[in-house]
Amino acid sequence: MQFRFRDLRRKEVININDGARLGPVADVDIKAPEGQVAAIVVYGPARFFGLFGRGEEFYIPWDCIQRIGDDIILIDKTFQRREPERKRRR
């Protein structure tokens, strides 16, 4: 199966563990000497309409990819959700 990078960039990444929609593929990590794809990178969610940058990016190893379809890429990876710290009232 062969893909061009521009074809991968148009695909939406969805986690099958929790059904979360992570976003489109932003970058690809390639092993230089072998020429194999090591992972795909998905940018994190935008903060306040993109004015304050983005959240952490998702680094998804190629082994976690379950299926690549026409429109989406299904992955099987658990991500640690960070709970925002709440200020305690005194």
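**Group meeting: the nonpolar core and surface of a predicted model**

The largest nonpolar core in this predicted model has 15 residues, and those with the most contacts inside it are Val-13, Leu-22, Ile-60, Ile-73 and Ile-75. Strands S4, S5 (58-61), S6 (65-68) and S7 (72-75) each supply at least two residues of this core. By nonpolar core I mean a set of buried Ala, Val, Leu, Ile, Met, Phe, Trp, Tyr and Cys residues joined through side-chain atoms within 4.5 Å. Buried denotes under 20% relative accessible area, exposed over 50%, and partly exposed in between, with a 1.4 Å probe and protein chains only.

Residues are numbered from 1 along each chain as its sequence is written. As the model is predicted, local features need pLDDT of at least 70 and side-chain atom pairs count only at pLDDT 80 or more, while totals for chains, interfaces and linings use all residues; side-chain values use heavy atoms, with hydrogens and water left out.

Turning to the fold, the protein chain has one helix and seven strands, in the order α-β-β-β-β-β-β-β from the N terminus. These are DSSP runs numbered from the N terminus: helices are H or I, at least four residues, and strands are E, at least two. Of the 90 residues in the protein chain, 26% are buried. Where contacts (heavy atoms within 4.5 Å) link residues at least 6 apart in sequence, 31% join residues at least 24 apart.

Finally, the surface. The protein chain exposes about 7,800 Å², of which carbon and sulfur atoms supply 46%; accessible areas come from the Shrake-Rupley method with a 1.4 Å probe, and for residues only the protein chains shown count as cover. Val-37 lies in strand S4 (residues 36-42) and is partly exposed, with a relative accessible area of 30%.
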